[in-house]
Structure formats: structure tokens, C-alpha cells
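Okay, thanks everyone, let's get going. I'd like to walk you through one structure today, a few places at a time.

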Amino acid sequence: MRQALTRACLVAFAPRLCAKDGTMIRSLVLLFSCCSVVVASAQAPGKTPTTDSPSAVDRGLQLARSGHCQQALPLLKKAVPVATDKSLKMKTGLAIVRCGLVLQQMDTVVNALLWLNRDFPTEPEVLYVTTHAFSDLATNVAMQLARTARGSYQAHELNAETLETQGKWDEATAEYNQILKSNPDLPGIHYRLGRIILSQPATPNTVEDARKEFRAELQIDPNNAGAEYVLGELARQQQEWDEAILHFERATQLDASFADAFLGLGYSLKALGRYAEAVGPLESAVKLQPENPTAHYQLSIAYGKTGQKEEAKREMELFQRTSEKASEQTNGGNLPAKERASPQ
Amino acid sequence: MTKQMPGKGPLRPAVPEIRLSYLALVFAVVSCSLMPFALANLPRPPRSAGELPETRPWFTDIAQRSTFPYVTSNGLAGRKYFPLPMCGGVAAFDYNNDGKVDLFFTNGAHLPDLKKTSPSFHNCLLENRGDGTFTDVTAKAGLSGSDLEYSFGVAAGDYDNDGYEDLFICSAGRNTLYHNNGDGTFSDVTAGSGLDQKPANLLSVGAAWFDYDNDGLLDLVVSNYTIWTPVTDKRCAMNSKEEFYCSPTIYPAVATRLYHNLGHGRFEDVTEHSGLGAAPSKGMGISIADFNSDGLMDIFLSDDTLPNLLFINQGNGTFKEEAVARGVAYDDTGATVSGMGSDAKDYDNDGWVDLVYNDLMSQLFGLYRNDRGQSFDYVSTQTRIGTLSRPYSGWSLGFVDYDNDGWKDLFSANGDIDDLQPNSRQHDTMFRNLGGKVFSDVSEQMGPDFMTLGYHRGSAFVDLNNDGFIDLVVTALGEKPRFLLNNAINQNHWILLDLSGHKSNHDGIGAKITLTTASGRHLYNHATTSVGFMSSSDRRVHFGLGTENGIDSIEILWPSGTIQRLEHVHPDQILRVEERATVFPGRSK
């Protein structure tokens with residue numbers, strides 16, 4: 001019941017509150033209040049803990065269920081290291097998380113979530129509770145930020161990012177520009193402004209406007225591999241291959257684990273017919289993302305063009321294997337969402 | 001033997017050395033053929049560029065000048081049965097050999113019984129009168145197909161080499177072979193031909209005539225989509241209310257079928273023996289070409305949601321499927337798309353046949369450049385075809401040099417599969433080929449008739465008025481077809497080759513032509529009628545020559561292996577070429 005209420009609160013109330021009040025921080029305050037009420041409802045007065053439990057852990061669970069988290073937590077924490085029954089251990093962990101949230105004991109919550117996800121990585125209930133626990137934790141921290149540093153650039157940044165996720169591009173842009181007024185050299189802000197430009201419906205100026213922001217970002221932070229990558233991608237889409245190669249190369253130099261940058265670099269070299277040069281970056285992409293079908297496909301073509309037939313064949317087989325796997329995972333492959341509906 | 005039929009300008013012999021010996025015959029042919037080209041009522045643009053208003057459209061729809069009942073009717077009446085988005089095949093062929101290319105349209109059927117229950121579902125043959133109007137001769141020709149089921153594609157070809165183009169109709173039910181009797185009538189000769197052998201409930205959507213074993217008889221390859229009946233039709237709906245067309249992924253893949261022409265109206269199903277049966281697909285467009293220049297015709301099949309197929313002819317009656325190895329199975333991310341129509345032509349004039357297919361909006365049309373017969377490079381991004389095509393759901397398409405500048409442009413008949421999006425009704429597109437490097441969208445310049453919105457499906461490329469500028473015929477669901485006459489608003493030169501095989505198949509399908517202009521520019525094309533989706537185009541081979549008014553040579557490599565060379569040919573004519581070997585002094589055979 002509590003889960004249902006919490007979910008209803010998060011799913012149903014949050015968007016409306018956010019839309020109504022305009023900023024995420026205010027929304028989070030309300031959301032937190034809402035969810036706190038839900039959680040606190042488990043602690044309604046008049047309910048007393050059961051005392052005839054056969055063991056300490058059962059007693060702890062009963063106390064937690066009846067909202068007596070203060071008494072329940074020590075019993076539950078003691079029970080975990082000695083628990084042998086997996087199901088009971090999981091129930092205990094989940095109860096610790098819930099009580100930790102009620103009592104706002106963040107370290108207790110985080111520790112429990114860590115071992116729960118380690119020991120039960122595919123258990124739906126664990127994943128569900130983890131999702132909401134982190135959400136509640138984030139809410140709590142956002143509240144703290146709002147309370148203690150409402151005018152800070154971090155508060156504005158958090159607010160702007162939230163507006164971004166809601167697709168409120170103009171409001172998010174205004175927030176970011178507000179930050180730049182007081183902190184013109186703050187890294188990451190021009191990057192986000194560029195990202196907003198690219199997220200909106202394209203206009204004739206989209207590419208150039210976005211490029212300006214990413215270049216401005218690199219003026220402030222020359223080590224921003226993401227900005228280099230996006231500039232490379234924009235150049236690639238415009239078939240400006242030399243510029244694309246330049247940016248992708250810088251991105252890979254700045255971040256040796258940037259698989260997409262290696263892929264972009266290999267793709268651009270391939271487009272120019274520089275197949276031998278494309279092999280190296282594409283091999284890196286495959287190493288970094290062995291389950292990426294596109295990387296295997298590109299590498300297979302590059303191998304084939306450089307006469308490495310066996311390698312090309314191997315990569316094509318890997319492409320087909322990873323492609324099938326990805327298709328299975330997405331349950332419908334390349335189909336539009338509407339086409340994934342089950343036939344009747 | 002070579003005959004010439006000038007579209008305009010003086011009659012000139014194409015090959016000086018045969019001028020005298022064939023002069024009488026040439027004159028006779030021309031005498032019979034000149035009249036049809038006096039198409040006085042068709043718009044003839046002024047030839048001086050200075051006289052042209054800038055807003056003059058490239059294409060004008062002249063269909064409304066004729067009276068005919070045909071409307072593309074897929075039978076949609078509530079329930080969205082799976083195959084209904086596919087309807088409206090078109091064939092451009094000269095059924096009565098009067099030099100004017102006629103038009104044939106396929107049509108749908110009533111559902112769920114799949115019968116042509118009323119004349120609104122009848123197929124249609126329109127005779128080109130040569131004055132910009134067409135006469136409905138369906139009944140006289142016996143081509144209404146009233147006894148057929150839901151018809152999809154059509155392929156025109158002279159399978160018995162009697163000099164008259166025959167028709168093959170692809171259907172949800174039995175496929176049909178119509179023999180052209182040469183007297184304006186056709187006979188259904190399917191029964192006992194071997195083409196009546198088809199798995200039950202197989203949706204055959206397209207076909208192509210070609211001579212895979214170069215024995216002089218046209219064989220037939222049939223593109224099949226899936227196994228389906230109205231009874232087994234799946235219903236797809238959002239919130240159990242609003243129906244939409246189901247994805248083909250829920251239906252099984254099936255084999256492309258190959259029929260070997262045994263002569264005397266008999267065909268043998270060689271699907272399994274040839275190797276085609278080992279590669280199931282959801283086949284759509286079929287393109288026929290010799291992709292590796294080994295003298296044998298290969299088959300490309302665009303595929304809906306599965307990898308495309310490329311059957312390489314091994315020369316011993318079998319084919320090897322090599323789409324993955326040659327780089328045309330997937331797009332450049334390794335993804336499959338909803339492949340629809342396809343075409344195979346040399347768009348960059350490098351002497352190697354390239355490939356294109358179209359697909360649904362948000363996907364990119366796939367353009368593949370042939371890398372010297374070894375493999376293909378995906379060049380949709382580099383050529384801008386990707387960016388240009390993203391907003392469109394294409395069906396039939398094809399390379400067509402609409403402005404005769406010597407570069408084959410790309411036409412696509414567009415319209416979404418369903419009617420659920422604000423932009424479901426779409427206009428067709430013309431992407432102009434800029435020097436074989438990149439394409440630009442010139443659709444709006446094609447004029448308001450070209451820009452008509454609809455659910456466009458089949459298309460044929462044909463010179464309806466024999467002026468050397470290729471016209472377009474396009475069908476659309478629920479509407480009359482458009483006959484988009486090319487207004488020829490520049491002075492570029494051209495030539496149309498009307499091939500007549502003797503040792504090779506009569507249509508010359510598969511013949512490869514290299515044209516060298518007076519300035520030394522090389523242009524390439526080959527004879528095929530299978531272009532786009534569900535459709536069959538003018539079999540004559542077209543070349544735009546740009547501003548060059550001289551042709552140094554035309555070399556034809558016939559399917560029989562015969563090499564024929566014509567020298568110092570005048571442009572701006574329809575040149576009939578009878579297959580005949582050219583003796584090359586000093587050159588070994």
C-alpha cells in the first residue's frame with residue numbers, strides 16, 4: 001500500500017506540481033512533503049508494535065511494518081550479517097531502506113541499497129525500491145540545496161537541468177544564462193546551452209548556433225571531450241569530414257574511453273576512403289563497446305576494404321550476434337513504438 | 001541492322017557503313033513511325049531559355065485530359081488489413097507497337113473476400129493516342145482481371161520473342177501471365193505455364209523479366225512479401241480502438257521465386273535449385289543488373305525489416321546470396337530498414353552499376369556506390385540523400401535523368417504507410433544529381449502537379465510523347481494516377497535506344513550500353529523494365545547528353561555476348577537498334 005501511494009505520488013502528483021509551480025526545487029519541496037506524508041503514514045499513532053514475535057528479525061520486520069522504525073532498525077541491522085535465508089535477508093534489507101528513509105539516515109539507506117543490489121541484482125522489488133530510494137535521496141539533497149544556497153549557481157544549474165528534462169527549453173536557457181552572468185567562465189554551461197539548441201526542432205541556424213556554444217565551452221574548458229565530440233558529430237552530419245576527424249581525434253585524446261568518439265573517427269575516415277586509418281579507431285571502439293553492433297559493422301567494412309578478409313568475416317559475425325542480442329533486448333528492434341504493439 | 005526513328009530533326013543514319021544497304025528499310029520504319037510523334041496538343045516548351053518564365057514547372061499532369069474509370073482502390077473499408085497499403089502497380093509498355101508507349105494499372109479487391117467484386121477494382125489498360133490523351137481499351141484487350149484477386153505489381157516483357165510485350169501480374173491470389181496476341185487483345189495463359197505453381201496464400205508483390213542464363217528467353221523473378229489471408233490477418237490497434245497497419249515482423253519471411261523460361265510458354269520453378277529459396281525475405285523492389293560485370297544478370301531485392309538480398313549469378317543456373325559480404329544488406333549503422341522500392345543504375349557515371357532503395361520516414365534512403373564490382377559503399381550521408389530523404393516514406397523510386405544533363409537524378413513516390421500522422425500525405429520528391437557527388441532537393445521546382453500530396457505508390461518512367469524528356473506516371477491510393485509530362489524546359493540533348501534482340505531476348509533486357517559523347521564523356525546505362533516498386537518502366541534506354549550535340553560512339557554489349565558499336569550517331573532521336581555484331585578489324589573475338 002505504501003509503495004502504491006509512493007508511486008502514485010511520484011507519478012501523478014509530481015508533474016502537475018512541477019508544471020504549476022515552475023521550478024523544480026519548489027516542486028521537489030512539495031514532492032518531498034507529499035512522499036514524506038506517505039512514508040510517515042506508516043507511523044500513524046494508535047498502532048503498537050507486536051511483541052510476540054518468534055525471533056529478533058521477525059520482530060524487527062513487524063516493528064518496521066507498523067511504523068516503529070526507531071525500534072526496528074537496530075534489530076534489523078543486527079539480523080542482516082547472520083541471515084541465512086535469502087528471502088528473509090532481502091525483506092530485512094528492504095525494511096532497512098524504508099526505515100532509513102523515514103528516519104532520514106542516509107548512510108543506512110545507501111549501505112543497504114549497495115548490498116541489496118549486489119546480492120539481488122535482478123530482483124524486481126529491490127530494483128523498484130532502489131529507484132524510489134534514490135529519488136527520495138535526491139529530493140532530500142535538493143531540498144537541502146534550496147534551503148542553504150538558493151541563489152548559488154549550483155541551485156540554478158540543478159533547476160535548469162530539471163527544466164531541460166521537462167523540455168522547457170526557453171526557461172532552461174534563461175537559467176543557464178543567469179548562471180553565466182555571474183559566472184561567465186563556469187565550465188559546462190555553454191555545453192548545456194549547445195545541447196538545448198540541438199534538442200529543439202531544427203532551424204536553419206541550429207547547427208551554427210550550437211557550434212558557437214560548444215566552441216565557447218572549449219574556450220573555457222579545453223579538456224571537454226564531450227564538446228569536441230559533438231562538434232565532430234555536427235561536422236560529420238554536414239559531411240565536413242576533415243573537421244569531423246579533427247574533433248573526434250581530440251575527443252579520443254581527451255578521453256581514451258570515449259567509444260562513440262572512436263566510432264565517429266573511424267566512420268569519418270572511412271567516408272573519405274581512408275580505410276587503413278579507420279581500422280585503429282574502430283578497433284578501439286569495439287574494445288570499449290564489445291556489444292555495440294554498429295562498431296562491429298563498421299570495423300568489418302574497414303577490414304574488408306583493407307583486404308583483411310578473415311577479420312572482416314569475424315567482425316561481421318560479431319555484428320550479427322550483437323545485433324540479434326540488441327534486437328531481443330529492445331523487443332522489436334528498429335520498429336517504431338507504435339509498431340511494437342501486440343497484434344490481436 | 002540499325003534503324004532510326006527521329007523524335008525531331010532530320011533523319012540520319014546512325015552507322016555510315018550500313019546506310020545504303022538499310023536505307024529503304026529505315027525509311028519505311030520512319031514513315032510508319034513519324035506520325036505518332038507529332039504530338040501537337042502536348043505542351044511543347046519553347047527551346048530558347050530566354051523565353052522561359054522562371055516559374056515554369058518541369059512537370060504537368062495531363063491525366064485529366066482523358067476519360068477513364070481507373071482509381072487505385074485497395075478496398076479499405078474500416079478494417080486495416082495488412083496488405084492494403086500496397087496497391088497501384090503501373091506498367092509503361094507499347095502494347096500495339098505503334099511507337100507510343102501505353103499504360104497499364106493494377107488494382108486491389110474487395111476484402112475480406114479478395115475478389116474484384118465491382119469494376120472499381122478492375123485493372124486498366126490505356127492506349128496512348130499520341131495527342132496527350134489516352135483511351136481506355138481494357139475491355140477490348142481482355143485485361144480487366146475481373147476473375148483475379150487483389151493485384152499488386154506488374155512486369156512487362158516479351159517472354160516469347162514474338163515482338164509484342166506481354167504482362168505478368170503479381171497478386172494475393174494466383175499470379176497471371178497474359179500473352180499479347182498482337183491484335184490488341186491478351187490471353188490469360190497462366191494455366192499450365194508453370195507460373196501457376198505458387199505456395200498457397202503467398203503475397204506476390206513485384207516481378208522482373210530478365211535472362212539469367214543468356215539463352216535468349218526472358219526468365220522471371222518474383223518478389224514475395226509473406227504468407228497471409230484475410231482469415232489469418234492480425235489486427236493491430238492502439239488502446240483497442242484506433243487501428244493501424246501491423247508491422248511485417250509478425251508475419252513470416254518467404255522465398256523469392258525464380259522461374260526459368262523453357263520456351264513455348266512453359267516455365268520451370270527453379271527457386272530451390274537456383275539458391276534463391278535459401279534466403280527468405282519480405283521482398284519488395286527488385287532490381288536487375290550485372291553488378292560485377294561478368295556478363296551475367298544479378299538480382300537485388302530490397303527487403304522490409306529484414307536484410308536486403310543480393311543474388312550474384314554464378315553462371316551455372318545458381319545464385320549466391322552476397323548482400324552482407326558486398327555491403328548492401330544493412331545501412332551504415334548495421335541496421336535493417338523498411339526497404340521499399342529499388343533501382344540499380346550507374347548514378348556517378350563510373351561504369352559500375354550502383355544501388356538505391358527507399359524506406360519509411362525517419363529512416364534514410366539507402367544509396368550504395370559500386371566499388372569496382374567488388375563491394376558497395378553506403379553513401380547516403382556523403383551524397384546528402386540521407387538528410388534529404390529522412391522526412392519521406394517512399395514506395396516506388398528510380399534513377400531518372402529528368403533534365404537530360406547526363407546525370408541520373410532520383411525520383412521517389414511518397415506517402416506514409418498509414419494515415420495516422422499529420423504528414424502522412426506526402427508529395428513526391430526529385431533529388432537532382434549534381435555531378436555524381438551530391439544530390440539536392442528540387443521537388444518544388446517540379447511544379448504544383450508534382451507536389452500533390454497523397455499516398456503515392458507505383459511509378460513508371462516513360463517518354464509518353466517521345467520528346468526525349470522522361471515523363472512520370474504515378475499512382476496514389478484512392479486517387480486517379482497522375483501522368484506527369486516533362487515540359488522539357490532546357491535545350492539539353494538526348495537519345496533513346498529502342499533495342500531489338502535476335503540472338504538475345506527480343507526486348508534486349510540486360511543489354512549494357514556505353515555511350516561516348518563527342519567530347520569524350522562516357523555515359524552508362526542498361527536495359528531493364530523493373531524499376532521501383534510494383535512497376536514496370538519504358539524498356540527503351542535513355543541517355544541525357546547535356547549540351548553536347550554529338551555522340552562519338554555507342555557500344556552495346558548484348559546479353560548474348562554480341563558487341564555492337566555505332567559511331568557518330570546524331571542525338572535527339574529514338575534510335576532503333578537491331579542486334580548485330582560489329583566486326584572490329586584487328587580485335588580478337
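This is a predicted model: local features need pLDDT of at least 70, side-chain atom pairs count only at pLDDT 80 or more; totals for chains, interfaces and linings use all residues.

Two packed helices are described by the angle between their axes and the distance between the axes. Here we have helix α12, residues 225-237 of chain A, and helix α13, residues 241-254 of chain A, with axes that come within 8 Å and cross at roughly 160 degrees. Anything over 145 degrees counts as roughly antiparallel, so α12(A) is roughly antiparallel to α13(A). From the α12(A) side, the residues that meet α13(A) are A:A225, A:E228, A:Y229, A:L231, A:G232, A:A235 and A:R236. Facing them in α13(A) you have A:E243, A:A244, A:H247, A:F248, A:R250, A:A251 and A:L254. By type, the residues of that contact split into 8 nonpolar, 2 polar and 4 charged.

Staying in chain A for a moment, look at helix α4, residues 69-79. Its buried residues are A:C69, A:A72, A:L73, A:L75, A:L76 and A:A79. And what do they pack against? That would be α3 (56-65) and α5 (86-102) of chain A.

Now over to where the chains meet. Chain A brings 17 residues to the contact and chain B brings 20. On the chain B side, the largest share comes from strand β13, residues 236-238 of chain B, with 3 residues. That side of chain B divides into 9 nonpolar, 9 polar and 2 charged residues.

Chain B itself has 5 helices and 38 strands. Of its 589 residues, 58% are buried. If you take contacts in chain B between residues at least 6 apart in sequence, 60% of them join residues at least 24 apart.

Let's zoom in on a strand there. β5 of chain B, residues 124-128, is mostly covered, with 5 of its 5 residues buried. B:C124, B:L126 and B:N128 point one way, B:L125 and B:E127 point the other way, and all are buried. β5(B) pairs with strand β4 (residues 102-105) of chain B, antiparallel, over 3 bridges, and there B:L103 stands opposite B:L126. β5(B) also pairs with strand β6 (residues 134-136) of chain B, again antiparallel over 3 bridges, and this time B:L126 stands opposite B:D136. The β5(B)-β6(B) hairpin has 5 residues between the strands, and in it B:G130 takes a positive phi near 85 degrees.

Next, a sheet. Four strands of chain B form an open antiparallel sheet in the order β25-β26-β27-β28. The edges are β25 (394-400) and β28 (438-441) of chain B, each pairing on one side only. From one strand to the next, the twist averages 25 degrees. β25(B) and β26(B) (residues 409-414) pair over 5 bridges, with B:V400 opposite B:D409.

Last stop, B:G341, in the loop between α4 (323-326) and β21 (342-345) of chain B. Why does B:G341 count as buried? Because B:G341 has 30 C-beta neighbours inside 10 Å, and 20 or more is the cut-off. Setting aside residues up to four places away in sequence, B:G341 touches, among others, B:M284, B:Y357, B:W395 and B:F533.

That's my tour, so over to you for comments.

Terms used: Residues are numbered from 1 along each chain as its sequence is written. Chains are lettered from A and ligands numbered from 1 in the order in which they are written. Helices (H or I, at least four residues) and strands (E, at least two) are DSSP runs, numbered from the N terminus. A residue is buried if 20 or more other C-beta atoms lie within 10 Å of its own, exposed if 12 or fewer, and partly exposed in between; C-beta atoms are placed from the backbone. Two residues are in contact if their C-beta atoms, placed from the backbone, lie within 7 Å. Ala, Val, Leu, Ile, Met, Phe, Trp, Tyr, Cys and Pro count as nonpolar, Asp, Glu, Lys and Arg as charged, and the others, Gly among them, as polar. Axes are lines fitted to C-alpha atoms, for helices over the stretch in contact, and angles run from 0 to 180 degrees between N-to-C directions. Angles under 35 degrees count as roughly parallel, over 145 as roughly antiparallel, 65 to 115 as roughly perpendicular and the rest as oblique. Two strands pair if DSSP finds at least two bridges between them.
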